[in-house]
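Q: Please take a close look at one helix packing in this model. What are its geometry and its contacting residues?

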Amino acid sequence: MQKWRSFGFQSEDPTRDIRGGGLLSLNCLLFFLGRADCQELFQETISRREKALTSTEGMSRFESYPLSVALVNVTRFVASLFALISNDGMAGKKTNLNDSGTLSEFYPLISDDDDDGEFFHKIVADCMLILDGEWKRRNASYMEFPQVFDDVKEMVKTELRTRVMQLQSQHQH
């Protein structure tokens, strides 16, 4: 049980944490672990988490965040950006339309020849790196995770909007 928690799961049974993002989040976790820059982050986070979970003094167990659960949340966030799931997160309501009935504003970023979702996986991994960087910059605690995550989501949306505008500008010329 302790080992699963050091990997960033909150439950004794990691499938309970993963079910929120399903197979997509598991695939993103595997992709994440395959990237060299992400492996370093994963190892550092595991070490920090193990230290926090076993510490009786010094580092509080709330000084780290559960990486694997964070990755599930990031996967769901990115999936909602690209309208792969509905705004309420229901996978059974997959659509390319948002609540107003228009295409997701970020949908143009997904190319037709995207090799098995690699672009999506890269965005999830990059979001995790941004999240971790912001976490460290703020020296955040576990209780601050929701605010840090919300701020990172806004940062990512702003960056993606910029990319969409650049693509649209290129196609108009």
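A: Of the protein's 173 residues, 38% count as buried, meaning under 20% relative accessible area with a 1.4 Å probe and protein chains only. This is a predicted model, in which local features need pLDDT of at least 70 and side-chain atom pairs count only at pLDDT 80 or more, while totals for chains, interfaces and linings use all residues. Residues are numbered from 1 along each chain as its sequence is written, and side-chain values use heavy atoms, with hydrogens and water left out.

The protein has 7 helices and 0 strands, where helices are DSSP runs (H or I) of at least four residues and strands (E) of at least two, numbered from the N terminus.

Two packed helices are described by the angle between their axes and the distance between the axes. The axes of α5 (residues 67–81) and α6 (residues 118–138) come within 9 Å and cross at roughly 125°; axes are lines fitted to C-alpha atoms over the stretch in contact, and angles run from 0 to 180 degrees between N-to-C directions. The two helices α5 and α6 are therefore oblique to each other, the class left over once angles under 35 degrees (roughly parallel), over 145 (roughly antiparallel) and 65 to 115 (roughly perpendicular) are set aside.

On the α5 side, the contact is made by L67, A70, L71, V74, T75, V78 and A79, and on the α6 side by F120, I123, V124, C127, M128 and L131, contact meaning heavy atoms within 4.5 Å. These residues divide into 12 nonpolar, 1 polar and no charged; Ala, Val, Leu, Ile, Met, Phe, Trp, Tyr, Cys and Pro count as nonpolar, Asp, Glu, Lys and Arg as charged, and the others, Gly among them, as polar.

Technical notes
Buried means under 20% relative accessible area, exposed over 50%, partly exposed in between (1.4 Å probe, protein chains only).
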